[in-house]
Amino acid sequence: MSEDARWLAAAAAVAARARPLSRPNPAVGALLVKDGLVIARGWTQPGGRPHAEAAALRAAGKAARGATLYVTLEPCAHQSDRGPACADLICRSGLARVVIGCMDPDPRTAGSGLERVRSAGIDAEYRPSAACEAGLSGYLTQKRLGRPEVTLKLAMSLDGCIALANGKSQWITGPQARAHTHAMRAKADAILVGGGTLRADSPRLDVRLPGLAERSPERWVLTGGQAPEGWRALPSPQAIAAMEGAQYLFVEGGAGTATAFLAAGLVDRLLIYRAPILIGGRPALGDFGLLSLYEAHGKWRMTERRQLGSDTLEVYEAIPCSLE
């Protein structure tokens, strides 16, 4: 890995501190490096301002002169009533170099941020970074597809069941797996269950980890009727396009909701928590329209597998059709 790639990956790690509190803005990370040392860090602040670059430059002060800025997303080029464009701040900063890990698809920037920095005589480069793109996946999905990135979580037994035949489902997985689920909730800005799950289990869907309670996502229920107090109604999976700037949607079930999202082709990531038990009860999924086994192949690739106590977590990413 090149030095630039390492610093961009480090900036992506810093950006994780902003997710999901930066909504409606992307969670961006920035590092200022001089003589091989980090002199300042910045990440998008809650509510979207100040931006990562502005935070890092403010922290560095005059020491920024002659430094290199590593930033996960192309600096914005548009003015707003909340502050100046980051590209303009950089042009006035005295930086020697800027390295960008991901270009911004927002048409208000879309290359003009990079060009503005270059026009100020600063050595500015775009170095495609998988780490930066992964850290901005929800923002990029929102800009490119007009909807949030969707993660579907399934907690199941070895035989693929999510509940006993009588509907009881607490608890299939153990405490480590449940704690991991709470950490995943903390990375989402919206969370959703089906109406049947809400009525049967009255789930809180909050984050119950020390210091992360404020990161509990906005709660949605998939229903054709009214949502109860404290919840918002989503009439169909396709309606996620109207979720008011949400970048990361965490879908927790039940089986009908999971099936509906898969049938609509709206699942980007699967989190499967598998407990070492056999239930013989209610299956995790229903029929979502496959007519042959051929259609089931080439849709997913495993990106992670780990042990969580006695349970196993498997993470799968959807393979874009163009890569099949």
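Some ground rules come next. This is a predicted model, in which local features need pLDDT of at least 70 and side-chain atom pairs count only at pLDDT 80 or more, while totals for chains, interfaces and linings use all residues. Residues are numbered from 1 along each chain as its sequence is written, and side-chain values use heavy atoms, with hydrogens and water left out.

Glu149 sits in strand E6 (residues 149–156); helices (H or I, at least four residues) and strands (E, at least two) are DSSP runs, numbered from the N terminus. Glu149 is buried, at a relative accessible area of 6%. Buried means under 20% relative accessible area, exposed means over 50%, and partly exposed lies in between (1.4 Å probe, protein chains only). Leaving aside residues up to four places away in sequence, Glu149 touches Ser137, Gly138, Thr141, Gln247, Tyr248, Leu249, Asp268 and Arg269, where contact means heavy atoms within 4.5 Å.

Now to charge pairs. Side chains of opposite charge can pair when their charged atoms come close. A salt bridge is a side-chain nitrogen of Lys or Arg within 4 Å of a carboxyl oxygen of Asp or Glu. By this rule there are 21 salt bridges.

One of them joins Arg97 and Asp4, at 2.7 Å from N to O. This pair links distant parts of the chain, since Arg97 belongs to strand E4 (residues 97–100) and Asp4 to helix H1 (residues 3–15), 93 residues apart. Arg97 is buried at 17% relative accessible area, and Asp4 is buried at 10%.

Arg97 also meets Asp123 in a salt bridge of 3.7 Å, N to O. Asp123 lies in strand E5 (residues 123–126) and Arg97 in strand E4, so this pair ties together parts that are 26 residues apart in sequence. Asp123 is partly exposed, with a relative accessible area of 39%. Salt bridges link Asp4, Arg97, Asp123, Glu125 and Arg127 in a network.

Another salt bridge joins Glu115 to Arg118, with their closest N and O atoms 3.0 Å apart. Both residues lie in helix H4 (residues 112–119), 3 residues apart, about one turn of the helix. Glu115 is partly exposed at 44% relative accessibility, and Arg118 is partly exposed at 37%.
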